[in-house]
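User: Hello! I am new to this structure and would like to learn how to read it. Could you walk me through it?

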Amino acid sequence: GVRFFQRSVVMTTNGTPRKRHVLILDDDIALAWPLKETLERRGYVATIVPEGTLALKFVSEHTLDAVVCDLHVARLEADLLHATVGRSNPALAERFIFIANGGDSPFEKLADSAELLVLHKPVEVDRLVGEVIRVAEQV
């Protein structure tokens, strides 16, 4: 238990501790909610945002350690969101985890070729949590 909480805290630039924060950008509550609950049990802050334009605003206003992003997110294409974040926060853009439905979308092919992390549904929550923790702790 304690080991998880120690890893879920990071020091800010002014030396105060803060919990690691993960944005879950997905309108699939069956995946998003268990992920949020599991991360919070491990000491993280996890926020679910169901659509892209709200996510873009959220990213600009909060310090985040990782983003879980459905490739088929509503109101803003995942590739546009990723590119926009990449311009303003390149380090965070490297800590995206994309969830794909297994289709043949052009961005899915691009993500695979660009060595971005893409997991395909159905994805086990435990596997997703493991990837989120690994990515978030690169900070």
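User: How many residues has the largest nonpolar core, and which have the most contacts inside it?

Analyst: Welcome! First, a word on the source: this is a predicted model, where local features need pLDDT of at least 70 and side-chain atom pairs count only at pLDDT 80 or more, while totals for chains, interfaces and linings use all residues. Residues are numbered from 1 along each chain as its sequence is written, and side-chain values use heavy atoms, leaving out hydrogens and water.
Now the general idea: a nonpolar core is a set of buried Ala, Val, Leu, Ile, Met, Phe, Trp, Tyr and Cys residues joined through side-chain atoms within 4.5 Å. Buried means under 20% relative accessible area, exposed means over 50%, and partly exposed lies in between (1.4 Å probe, protein chains only). Here the largest nonpolar core has 21 residues, and Leu23, Cys69 and Phe96 have the most contacts inside it. At least two residues of this core come from each of strand 3 (21-25), helix 3 (52-61), strand 5, helix 4, helix 5 (90-93) and strand 6. Apart from it lies another core, of 20 residues, including Leu35 and Val132.

User: Which helices and strands does the protein have, and in what order do they run?

Analyst: Helices (H or I, at least four residues) and strands (E, at least two) are DSSP runs, numbered from the N terminus. The protein has seven helices and seven strands. Their order from the N terminus is α-β-β-β-α-β-α-β-α-α-β-α-β-α.

User: Why is strand 6 described as enclosed?

Analyst: Five of the five residues of strand 6 (residues 96-100) are buried, so the rest of the structure largely encloses this strand. Both of its faces are covered, with Phe96, Phe98 and Ala100 buried on one side and Ile97 and Ile99 buried on the other.

User: Which strands pair with strand 6?

Analyst: Two strands pair if DSSP finds at least two bridges between them. Strand 5 (residues 66-70) pairs with strand 6 in the parallel sense over four bridges, and Cys69 stands opposite Phe98. Strand 7 (residues 117-120) also runs parallel to strand 6, joined to it by four bridges. There, Leu119 is the bridge partner of Ile99.

User: What does Phe96 touch?

Analyst: Contact means heavy atoms within 4.5 Å. Not counting residues up to four places away in sequence, Phe96 touches Val67, Cys69, Leu81, His82, Val85 and Leu117.

User: Where in helix 4 are the buried residues?

Analyst: An α-helix has 3.6 residues a turn, so residues three or four places apart point the same way. In helix 4 (residues 78-88), the buried residues include Ala78, Leu81, His82 and Val85. They cover an arc of only 95° around the axis, so they are on the same side of helix 4. That arc is taken from the directions from the helix axis to the C-beta atoms.

User: In helix 2, are Ile29 and Thr38 buried or exposed?

Analyst: Here is one of each. Ile29 is in helix 2 (residues 29-41) and is exposed, with a relative accessible area of 52%. Not counting residues up to four places away in sequence, Ile29 touches Pro34 and Ile48.
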